[in-house]
Amino acid sequence: MATGCPFTLDIFAEPEDRSGDTGAQFDFPLMPEGQAFDMGHAPDGRPLFDPRILQSAEFFRNPYPYYRILRDHYPVYHDRLHNTYYVTRYEDITRCYFDDEGFNTIPKGSSSGVLGNTQLELSGVEHRRRRNLYGQHLVGQSLKNRIPAIQRQAREMIGAWDGINDTAVVSESDGVRTVELGMAFANEFPIRVVCEVLGFPKEAQDDFYYWYNSMMSGLGGSETHQQGLEARQHLEDYVEGIVEARRKQPTYLYDEAGDPISKDIISKLSETNLDVDYLSTEEITSNIALVVGGGGETTRGAILNMWYLLLLHPEQFEAVRNDDSLWDAAFHETLRHSSSIGGQPRHNTYDVVMHGVKVPAGSLMEMVDFSANHDERVFKDPEMLTIFRDDLSTGKILRSGYNKNGRRNHMAFGVGPHLCPGAWISHQEAVEGSRILLKHLKNPRINVERMAKDIDGVGLRPLGIVSVRELHLDYDLP
Amino acid sequence: MTVIGANGVAIPEGTHGDAGFRTYEVFQRERVGQSTAKIKPAQLVSREFADNPYPLLAVLRENYPCYRDWLNNCFWITRYNDVTSVFTDDANFETRSKAWHLGIEGFGTDLRAALPVLTAQANAWDLNIRRLAEAAVADFAPRGEADLATEFAARLNMQLWLAMLDVTEEDAPLIAALLWRLHRGVSWDPRICLDGIAAAEELAACLAPLLDARRSVPGGDLISAVAGLELADGPAEPKDLVATLLEMDFETLHGALANLWLALLNDPEGFEKVCADRRYVKLAVLETFRHSTPVLAAPRFARHEVERFGRLIPKGGLLLCSAAAANRDPRIFADPDRFIAGRKDVCHREARGQYRADGLAMGMTPGLGSPTAHPAVPEDRPRSLYALTRDTLVTASNTLLEAVDQIALADGVERPRAVCRRLGEMHTCWRLPVRFRIR
């Protein structure tokens, strides 16, 4: 201590070890799957939650033990670094989703930067009117009529494998064929279906797939953001011509027998008079972009995750093989266990207090669907995949959710007014596509050698909060 | 009538009538050519940013003056005129207290605006700065070397605070440590934040006997000033005292003194000018406020939806008003990255408005608040915190210059620089080893 100074200057020294500290991109160690890194403890024994974990590689591959900390100890967690409140319990999220006046959908997310303004930004009657414009094509009899077309698309794509000459996608050796199911099927299949339902000419499908990929990778201010914006512009330029044509001459969707089912979505949007005016090309493009975004990535992830998880659980795969009706349960359990959509942002319209946390009006409240799906208050042994679970609803997807006989719906599609309008068609695509795949794939198994590995370099990489990017399957040729 | 929302949450009376459902928030879609690809939000919370934020802030200021940061859920405001326009706009943008940021809103009443409190601080600093600066210099001068960041800047700031509270030498070590933990606790890091909250409780317990004692026998210090205040529900409590200390600026004096000397020692020509003509010490201080403010930014929250800077800012939206970026705005200051003591385009007088006077702008230091709320300082009020801090820095620096000669950066050590030790903390030079000769 300096002679004239009544305190030690050591108090100004940096007390923490800063090794690995790169700002918010802290270099958290990768933990065994299911175990959380120890972020310290509060004096009352509660585990601490460092918000930097949310940006870490560790979290992306191993999120669930961290969500458990939030659910158990911070059901409304104020992340001061990212200016966000995270809501992580199933019941809380459900209540917020149903109250779309108190918890508004004004997004502070990044998707609209590329996609444009969509009904995601709307609530109440405005939202409902726009959602119904195309929602009606994706549900009920209209959807049922589309199933043959979905099956046809799947058969066409799988049938084309014989002609593919790209070893990264399809290869053969000693009577065994190896396919990368993403590139060979799941990536493009939902886009083809969406393209058809929207009413895009077949010759535009390749462009459409490129626009889709560019827009998806350009979300969120990423390095490919500019490419995403350009793709959105190209899409709009293209749509403009189509819309003008459809305003004069609408086109129709047809069933297998060649009978018209209804006008396609673009035709419907083109003639729609909403709020005493016609939709602009810009609005129509934004809605198309949303349908594409919502209908592509999520269904792709559902198909890949479902096959991946079932093949990791051979007894459940065997059960599905023996009972075709179990595909529904497999689909829903996959989405509960590992969905492609992590959550939805909401703004609280008014000051609220939840679990003792005061949330000022206008705050960003992130409803974490991933966490709700793993809430042990609702789902027993939530980290376990079992298509036979008795606490999950696997029947009809309802906007009201489902809470009968102890069964709850998973949160991958949300609940309430903003329940994903593509939920039903996504379900049909994944299930019908899988049924056709199963017929084609004899003795399918994961080609472990080609799959991404975990930190030990041996085991398979956990799904984490992203879906399987590549799924390499071996199957026996007839 | 209280309205209960569907989620069971009570909706305050009078707010639900005109709210209801929202239409489009913002025409948020970006256009080709408007892409914000020159920066990624992760860079704004990176170690690179914490070390030297200025290059990244320049990218924002020159390309995206109201940058929507999706990752960190805020809007970055980086041009001088834009930042001041938010600072002056209390009708549309609110300042949330440090207690709110620390998570202890309602801990106590912030009494900073009370005249006895203002006076106690100004008197303590004015009366003690020369004595304390001389003592600090006397401690390290015989060695012919010192670390000006800790032995001078950090120490002086803390000693002024202890003098302001008039604590005994016996109490000083504990109170100094608690004050440091308290102010450092305003952080996104839960460990540091919890430590700050614990420090608030401990400090309240520690200061309680002093508050009681001074209520009986008041002095001229800040604790006595608080002790003499009557609040709506009775006399001020220890928690009110701590709440007041928490809201006071703790960083600028410490950080700016270190940054001032860092800048001077890196600019031999300018330093010579300052040594030759002490009038320049004040100008160097003002230039430090502009060139290297320790408090980089100030958060403001939109009270309601408001259209500004070509964007619709939603209610509750966070505007991160970057003083650091604004202070280097080439639209306002020529050659803004250069430290020039006595530069012609910075205001040399105390501002008469938001950081402006004589038609010139001045360096923004968010920790010090507005330069003055009372342009023509009334006789019964002390001068602004901006002016008080400026004068204290001038006195401290003059004391050092009078005592020693030939000050230079120490040889053989890593070149000192200003950094944020952790994201969001003050940006200052934490180590400044120098050598000198005693006069």
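Okay, let's start with burial: of the 478 residues in chain A, 47% are buried, where buried is 20 or more other C-beta atoms within 10 Å of the residue's own, exposed is 12 or fewer, partly exposed is in between, and the C-beta atoms are placed from the backbone.

Bear in mind that this is a predicted model, with local features needing pLDDT of at least 70, side-chain atom pairs counting only at pLDDT 80 or more, and totals for chains, interfaces and linings using all residues. Residues are numbered from 1 along each chain as its sequence is written, and chains are lettered from A and ligands numbered from 1 in the order in which they are written.

So how confident is the predictor? On pLDDT, the per-residue confidence from 0 to 100, chain A has a mean of 88, and 95% of its residues reach 70 or more. The lowest confidence is in helix H4, residues 112–115 of chain A, with a mean of 70, while helix H2, residues 64–73 of chain A, is the highest at 98.

Next, the overall build. Chain A has 16 helices and 17 strands, taken as DSSP runs numbered from the N terminus, with H or I of at least four residues for helices and E of at least two for strands. Its radius of gyration is 24 Å, close to the 23 Å from the globule rule for 478 residues, so chain A is as compact as a globular protein of that length. That radius is over C-alpha atoms, and the rule is 2.2 Å times the number of residues to the power 0.38. Along the principal axes, the C-alpha atoms fill a box of roughly 95 × 65 × 50 Å.

Now the sheets. I'm calling two strands paired if DSSP finds at least two bridges between them. One open sheet in chain A has 5 strands in the order E1-E2-E13-E10-E3, with mixed pairing. Which strands are at the edges? They're E1 (76–79) and E3 (103–104) of chain A, each pairing on one side only. E3(A) runs antiparallel to E10 (343–348) of chain A, with 2 bridges joining them, and A:Phe103 has A:Asn348 as its bridge partner in E10(A).

Then there's a hairpin: E4(A) and E5(A), with 2 residues between them, and A:Asp174 in the turn has a positive phi of about 50°. E4 (170–173) and E5 (176–180) of chain A are antiparallel over 4 bridges, with A:Val170 opposite A:Val179. E5(A) also joins E17 (472–476) of chain A, antiparallel, through 5 bridges, and there A:Val179 partners A:Leu473.

Notes
pLDDT is the predictor's confidence in each residue, from 0 to 100.
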